[in-house]
Amino acid sequence: MTELIEALRTPVADQGTGAVTIGMPVSRVDGRDKVTGQARYAAEHTADGLLYGVVVSGTIPRGRIAAIHADAALAVAGVVEVITHLNRPRIRSFDIFYKDMTAPGGSPFRPLYDDKIAYSGQPVALVVAETFEAARYAARLVEVDYEVEPHATSLTENRERSYKPSRMKAGFTPPPDPKGHADEVWEKAAVRVEGEYYSGVEHHNPLEMFASTVIRSDDGHLTIYDKTQSSQNSRWYVSHVFGLGKDKVTVRNPYVGGAFGSGLRPQYQLPLAVMAALQLKRSVRVVLTRQQMFTFGHRPETLQRVKLAAEPDGTLSAIIHEAVAETSRMEDYVEVVVNWSGELYACEHVRLGYHLVDLDHASPMDMRAPGAAHGVYALEVAMDELSYTLKMDPLALRLKNYAEMDPSRGLPYSTKELRACYEQGAARFGWDQRSLEPGSMREGRELIGWGMATGIWDAMQMFARASAVLHADGSLVVSSAATDIGTGTYTAMSIIAADAMGLPLEQVRFQLGDSTLPVAPIEGGSSHVATVGSAVQGVCEKLQKKLFKLAKKLPSSPLAKARFADIEFSGGFVRISSQPGVAVSIIDIIAGSGEQRLEEKYLMLPNMLKQMKY
Amino acid sequence: MNPIAYFRAADAAEALAHASGGARFIAGGTNLLDLMKEFVMRPAALIDINNLSLAEIAPLAGGGLRLGATARNADTAYHPLVRESYPLLTAAILAGASPQIRNMASNGGNLLQRTRCHYFYDIGTPCNKRLPGSGCSAVGGLTRQHAILGGSPQCIATHPSDMCVALAALGAIVHARSAAGERQIAFADFHRLPDDRPEQDTTLASGELITHIELPPASQFAAHSAYLKIRDRASYAFALVSVAAMLDIGDDGVVREARLALGGVAHKPWRLPAAEALLVGHPADAAHFAAAADALLVGAQGQGENNFKIPLARRAVVRALEQAVAGTHDNTRSERDRAD
Amino acid sequence: MSTYPVRLELNGESRQFEVEAWVTLLDLLRERAGLTGTKKGCDHGQCGACTVLVGGRRINACLTLAVMQDGQQVTTVEGLAQGAQLHPLQQAFIEHDAFQCGYCTPGQLCSAVGLMNEGEARTVAEVRELMSGNICRCGAYPGIVAAVTEVMGLAQHADNPDRPYLPGTVPA
């Protein structure tokens with residue numbers, strides 16, 4: 001079963017932290033390691049004879065590499081190799097091998113595959129040297145001759161050739177069919193607004209640059225410390241692209257310096273570092289520069305038009321929301337931009353549309369509430385504009401059109417505490433002091449005011465497996481190949497397990513960040529706690545049952561006649577809830593069992609039938 | 001960054017002796033190392049001048065203040081004599097960069113720092129400053145941060161320093177030393193306009209070492225000076241437009257002397273004594289401030305994207321002068337703590 | 001390329017290196033001194049993740065060469081604690097949850113120590129201004145400000161959602 005992997009340096013709460021329950025404010029268990037500089041990120045794991053790779057970035061948006069002149073770079077002292085599409089190791093030919101777990105439809109970009117230039121800043125070579133400085137200098141000396149082709153990179157200039165995306169991405173739902181006759185109603189409406197909303201490209205730019213340290217053992221096994229939102233996704237990718245079995249590659253990501261979605265797909269330094277390690281039979285580290293952090297996936301440039309119509313009393317009569325977004329020539333990146341406008345407010349006539357324009361860019365990728373950050377923003381601004389036209393309080397307008405059920409599907413929401421949010425927010429921010437007229441409040445030389453907006457997001461849950469090992473000394477290790485990008489996974493999972501087992505937090509370790517651990521999904525979509533947390537909860541419940549059974553079997557067990565529903569786990573004991581003094585300690589249970597440890601594993605599968613009811 | 005040799009000079013003679021061919025002086029290094037990593041500047045050797053005893057900040061006989069070339073910007077800004085007698089300089093220095101950079105950046109280096117034009121920084125694009133004759137990518141390109149005054153068809157870059165705008169207003173004098181001896185350069189003559197030689201940022205000769213900056217006495221302005229910096233972020237960003245304003249106001253409310261300089265608008269701090277003269281002998285009021293602003297901006301020409309800088313500069317001049325009238329802020333107390 | 005001797009008193013320990021001139025202090029710390037606590041976030045002095053203390057003074061380690069610091073006393077995040085005893089700032093950061101991913105944290109801590117050494121910040125607003133050389137992409141700024149101002153003993157609201165605010169302003 002799953003042992004504690006030393007190299008991960010899994011954090012644990014300070015001694016004396018004590019009992020915790022879900023919902024209690026708890027200091028992060030990885031806090032000490034982070035504030036003392038002990039937490040190690042992808043570029044901070046070392047190996048004997050480590051080589052440093054620096055990526056050479058292309059400088060044209062579209063065309064072909066005619067020639068690469070690497071002699072000057074190779075002549076620099078300390079430089080070991082310059083890897084290009086011409087001399088790279090063998091990599092797979094079919095698209096399917098490059099598809100990582102969150103790949104959209106189309107052909108994934110293949111770093112250093114051939115002479116094709118698909119976007120500006122694309123990696124065109126990797127310089128590998130004994131020191132970082134030599135590699136960096138030599139990279140400047142690599143000269144590339146290009147055949148330049150005309151390019152198209154402007155969404156606004158190319159919007160006329162937009163198309164409906166046909167190839168789908170996991171988790172994507174296209175806009176629903178129109179409801180009612182939105183355009184007719186809008187044309188005839190007494191009160192209506194219309195607006196165009198433009199969002200430029202946004203780059204994730206977490207503070208840690210993308211990096212991969214590939215550590216090669218003598219037997220050729222690769223242990224890769226990668227910056228990723230899923231160690232298993234990166235492992236899958238490396239195995240498939242390079243034809244390396246699962247037993248030949250391990251990927252680790254115990255600490256990730258922010259990601260915001262950019263780590264949902266392997267970034268190009270990963271295959272480049274692996275190429276170097278395979279070619280040179282050495283350990284290699286590749287770190288992107290901050291400038292290169294602008295040369296891969298990003299939130300797409302998006303244009304939206306929102307038209308709202310209402311009765312004079314503020315009742316919405318029509319919602320029309322259309323979006324056009326950029327994608328690459330290679331893949332149709334899609335995200336849910338406009339659907340929210342049919343889900344948030346009650347309205348009879350709704351027409352939603354979503355189109356793409358393919359440009360000479362890197363494929364966009366998910367970034368912090370992908371799609372919703374664009375679509376809900378535009379909808380909410382339009383609602384504000386409507387409220388000004390109506391001379392109505394913007395909050396009152398939202399309440400007027402409050403939907404108790406999801407209007408687009410006619411199903412109840414899984415949870416909706418929005419009314420209470422509105423009430424509490426209004427009270428705390430003194431909303432009743434707000435004057436209705438825009439631009440009517442000043443403080444000195446500044447115009448001031450209040451605004452509000454509504455958010456909505458899917459409550460997603462994927463599947464995951466967790467394993468748990470309860471040691472004879474009462475310490476618990478729960479494992480899953482989950483990720484913590486700063487979201488607090490270590491702490492949240494530790495709390496769930498400690499609460500379930502009634503153990504002090506410092507006796508519980510949640511181990512994540514290694515592809516050999518039980519299967520877990522990408523950390524994304526705000527789904528990790530619902531997914532991995534439920535798996536942790538589940539495996540602890542199995543452990544509880546095992547402990548209970550063993551407790552009943554102990555000689556003169558005080559729990560011999562108890563039923564599972566009667567008991568609770570707290571303070572390191574299994575107790576009868578109504579008589580907490582009647583208890584057996586976990587340590588005694590294990591000792592009495594004759595085992596050194598108790599183990600369980602649990603596969604958490606979302607209850608799809610239940611979820612489809614909401 | 002290219003391979004470099006490094007030499008720590010023990011005195012000025014040693015430093016000057018090494019200053020030939022591809023060697024450059026380095027003190028703080030905050031701009032030079034940045035440019036070297038971008039491969040924009042590639043000196044073969046660096047001569048560390050931190051041991052040359054050029055860090056002194058001390059009064060000069062006959063009034064005035066000596067600012068050592070290798071004294072750190074932070075030490076200069078916080079020096080009691082600077083705070084007391086030249087609060088404009090304190091305000092300007094503290095408006096620039098970040099605390100970490102101010103702790104390292106030297107006074108001489110601040111003068112010599114190069115433009116932050118993004119085309120200058122991108123060795124993949126044509127740039128007459130980087131490579132004479134190769135063209136100017138900014139003209140017809142993205143010009144939000146570029147010049148509205150004093151530009152040429154070859155170059156529309158701006159000088160990024162805040163400290164230099166204050167030094168221009170103060171009429172500072174740059175003292176330099178070379179193998180040929182010592183000389184003084186009036187601040188107005190230190191930075192060049194690009195004209196057809198944009199590769200020359202300053203009139204300093206190659207191998208010439210700045211030893212110190214001399215500040216003439218300026219106590220008449222200490223009660224009414226302001227540095228106003230307008231930028232896209234609240235902190236740690238370069239100026240779109242900045243204004244150094246100082247007034248000597250008599251008890252009768254009439255302006256006896258005025259200094260006015262703009263940053264973020266040209267290849268050098270923009271100061272016109274003729275604009276300042278429009279304030280002298282008149283009440284310190286908005287009408288006269290506007291006239292001075294107009295005079296200062298004569299010939300201003302936008303590049304399209306940066307057209308906004310012209311009305312912005314006009315308003316900023318008036319606002320800075322109003323702030324100066326209201327009393328000196330040296331930027332060591334933040335906006336939110338002030339009663340406005 | 002020639003190498004040069006660099007002697008540093010690094011977190012209280014005398015250490016000696018032999019490096020080429022083009023090695024920055026940051027890369028020396030991370031690649032040659034085994035101290036990966038100090039982070040590289042941009043390598044151009046724009047993010048502050050590489051902030052260390054030289055002679056008690058905060059600087060960007062990426063914008064200075066190791067050779068230029070020969071003979072200096074350098075403190076990194078690894079040198080802030082006294083054994084198991086955390087520096088008050090480190091403790092305050094944990095208590096105020098002044099980080100998420102933790103990558104900017106070492107730089108924030110060294111910068112805050114430097115700020116305190118400088119003695120120029122007297123109010124919360126001034127702490128904010130004088131910490132603006134340190135970027136946090138996770139947005140932990142309120143926690144960072146709360147932690148620093150608490151350790152400095154500055155009169156300020158705690159990180160409390162019910163604290164008083166001026167209507168129409170952001171009560172950050």
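How many residues does the contact take from chain A and how many from chain C? The contact takes 34 residues from chain A and 39 from chain C, where two residues are in contact if their C-beta atoms, placed from the backbone, lie within 7 Å.

Before you start clicking: this is a predicted model, in which local features need pLDDT of at least 70 and side-chain atom pairs count only at pLDDT 80 or more, while totals for chains, interfaces and linings use all residues. Residues are numbered from 1 along each chain as its sequence is written, and chains are lettered from A and ligands numbered from 1 in the order in which they are written.

**Stop 1: where chain A meets chain C**

Select helix 1 (31-35), helix 3 (132-141) and strand 19 (441-443) of chain A; these are the elements that give two or more residues to the side of chain A that touches chain C. Helices (H or I, at least four residues) and strands (E, at least two) are DSSP runs, numbered from the N terminus. Helix 1 of chain A provides the largest share of that side, four residues. Colour the side of chain A that touches chain C by class and you will find 13 nonpolar, 12 polar and nine charged residues. In this scheme Ala, Val, Leu, Ile, Met, Phe, Trp, Tyr, Cys and Pro count as nonpolar, Asp, Glu, Lys and Arg as charged, and the others, Gly among them, as polar.

Now pick Ala77(A), in the loop between helix 2 (71-74) and strand 3 (79-83) of chain A. Leaving aside neighbours within four places in sequence, Ala77(A) is in contact with Ala134(A) and Met1(C). Is Ala77(A) buried or partly exposed? Ala77(A) counts as partly exposed because it has 13 C-beta neighbours inside 10 Å. The cut-offs are these: a residue is buried if 20 or more other C-beta atoms lie within 10 Å of its own, exposed if 12 or fewer, and partly exposed in between, with C-beta atoms placed from the backbone.

**Stop 2: the domains of chain A**

Colour chain A by its domain assignment: domain 1 (6-39 + 460-611), domain 2 (44-150 + 204-294) and domain 3 (155-203 + 298-412). Such bounds come from an automatic or database domain assignment. The C-alpha centres of domain 2 and domain 3 of chain A lie 37 Å apart. Their contact takes 20 residues from domain 2 of chain A and 21 residues from domain 3 of chain A. On the domain 2 side, the residues divide into 10 nonpolar, eight polar and two charged.

Next, select Leu272(A) in helix 7 (residues 269-280) of chain A. Leu272(A) counts as buried because it has 26 C-beta neighbours inside 10 Å. Leaving aside neighbours within four places in sequence, its contacts include Gly53(A), Val55(A), Pro111(A) and Val286(A). Ser212(A) is 60 residues away along the chain, yet its C-alpha atom is separated from that of Leu272(A) by 9.1 Å.

**Stop 3: into chain B**

Show helix 5 (residues 87-95) of chain B, where nine of the nine residues are buried. Among the buried residues are Leu88(B), Thr90(B) and Ile93(B). The buried residues of helix 5 of chain B pack against several elements of chain B, including helix 9 (163-170) and strand 10 (241-249). After helix 5 of chain B comes Ala97(B), with a positive phi near 55 degrees.

Move on to helix 12 (residues 286-296) and helix 13 (residues 309-326) of chain B, which pack at about 135 degrees with their axes 9 Å apart. Axes are lines fitted to C-alpha atoms, for helices over the stretch in contact, and angles run from 0 to 180 degrees between N-to-C directions. The contact involves, among them, Phe289(B) and Leu296(B) of helix 12 of chain B and Arg314(B) and Leu321(B) of helix 13 of chain B. By class, this contact has nine nonpolar, no polar and one charged residues.

**Stop 4: chain C**

Finish with chain C, which has five helices and five strands. Along the sequence, the pattern of chain C is β-β-α-β-β-β-α-α-α-α. Of the 172 residues of chain C, 58% count as buried. To see where chain C meets chain B, look for 29 residues of chain C in contact with 26 residues of chain B. Strand 4 (57-60), helix 3 (105-118) and helix 4 (124-130) of chain C each supply at least two residues of that side of chain C.
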